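Welcome! Take a look at the model before you start.

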Amino acid sequence: MEGHGGVISISWQILLVELASFLILLFVLGKFLFKPITKLLENRSNQIKNTFETIEVEKQNIEKIKQDYQNQLNELNKKVGEIIQEATRKGDIQRQEIIAQSQKEANKLVERATAVIEKEKEKAILELKNQTAELSILAASKILERSIDESMAYQLVDDFIEGMNKETLH
Amino acid sequence: MEAEAPFLLQFLVDWLNQILGKWIPINATIVMTWLVSIGIIILAIVACSSLKMIPKGAQNLLEILIEQVLQLMEGMMGQKKAKFFLPLMGTLALFILVSNLIGLVPGLKAPTGDWNTTIALALIVFILTHFFGIKGKGLIGYLKHFVGPIWWLAPLMVPIHFIGELAKPFSLSIRLFANMMSKHMALGCLALLIIIFSKKAILFAQTLFIPLFLPPVIMMLGVLTCLIQTFVFVFLAIVYISIAMEEEEH
Amino acid sequence: MDGAVWFFALSVLAAGVGIGIATIGPGIGQGIATSKAVEGVARQPEASGKIMTILILGLAFIESLVLYALVIALIILFGNPALTHIVGH
């Protein structure tokens, strides 16, 4: 058969052998190559699909968690704000109270001081009055050179000062 | 052109002829076909012995080819049929590609450079086309396709369709075979020129330039031709089968 | 010259001239197809993959015409079935 007819030749025996060898190759490859590889490709595409689905789910989960955190954070912020406001309010009230207290105390002190001053003033006036009376009695006695009854003199001076008081002091 | 098998190949042919010659005709083409088949099977077994999710090496190579063929088929005939025909088309693609490329190795012969091989391949496609055509449409529906849309034109249309159907495997086989063989012959003629020119030793520098520096260029073109012819053969096989199977279209 | 030599000479002539003539038409055809494909890609670069596939397929079909002529030339040169009939041995 070999080299029969040159380049272009058809010989049915060779053709049959070629056909048979190709069919055997097809069978063997179908068994050893295409079955496992098709399975592998299918598995891989399934796996990729699964992975993507998982990623999608995870993404949604993460989104949800993030949302939750955001909500919590917002709530917390609100709460903190409230607490601060409350504290400020309380502090304000306290401050007001303290101020009022100290005002009151101050007022009391001032009052007491005024009372003391008043008392001192009265005392001083009394003293002054007495001294004035004595002095005037002394002066009068000196001038008159006669001693008046002391009690009468006091009565005189008192009357005088009383009259003066009515005009000038009040 | 008689004994075109180179020495090593001829030795292999003679040896196999002694063993199997009684039962099967042994030829350089047949020996090369067997070599290619064994190579592909070894590659397949090596690749499939350790299949991994992340491909590497031989597995990657085979996967690229198979994925490409599968993609081509899915565009033509849908996912389900593509899965069914994948082994056939994948084997065709692998066998033709390796056969074409092995023809570029000096000292070896491309199995697809022999008309018998390509006729065998085209015959398989031809038989499967009509088998699945009849299976898909039923015998009457399939024959109706030959008659054409107008019944009284049947005497004209039937021979035209008949010849058209016969021309398909013919052109399919001739295209592959002639491409491979013409490249082989061009390289052979250049090699012959080297021998002739160097024997006569005239204008050594100028005349040897052509046969020594043209073969690489032809080989580069040859690689391209090998890939394209593989693609064309497989693509046409897919087109023929999918056209035969699909419902009334033209 | 005797008949056999004439036969051989004319066979070689027929093969060479036949291939030469056969390449004219498909050459023009492939040129037209490629130019149209280039135009198409220039107009729509995103469709280049599809155009490429169709172009290669079309070129293969056109090319097969030359290959028919090549086969016939080879038959004339090497495997003429009438050869033994005419030459005698």
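Buried area is the accessible area (1.4 Å probe) that two parts lose on being put together, summed over both. The model is predicted, so local features need pLDDT of at least 70 and side-chain atom pairs pLDDT 80 or more, while totals for chains, interfaces and linings use all residues. Side-chain values use heavy atoms, without hydrogens and water; residues are numbered from 1 along each chain as its sequence is written, with chains lettered from A and ligands numbered from 1 in the order in which they are written.

**Exercise 1.** Describe the interface of chain A and chain B.

*Solution.* Start with the area: the two chains bury about 3700 Å² between them, and 77% of it is on carbon and sulfur atoms. Next, look at contacts (heavy atoms within 4.5 Å): 34 residues of chain A touch 45 residues of chain B.

Now turn to salt bridges, where a side-chain nitrogen of Lys or Arg is within 4 Å of a carboxyl oxygen of Asp or Glu. Two of them cross the interface of chain A and chain B. On the side of chain A that touches chain B, 21 residues are nonpolar, nine polar and four charged. In this grouping, Ala, Val, Leu, Ile, Met, Phe, Trp, Tyr, Cys and Pro are nonpolar, Asp, Glu, Lys and Arg charged, and the others, Gly among them, polar.

**Exercise 2.** Which residue of chain B forms a salt bridge with Glu42(A)?

*Solution.* The partner is Lys83(B), with the closest N and O atoms 3.7 Å apart. Glu42(A) sits in helix H1 of chain A and Lys83(B) in helix H3 of chain B, so this pair joins two chains. Helices here are DSSP runs (H or I, at least four residues), as are strands (E, at least two), numbered from the N terminus.
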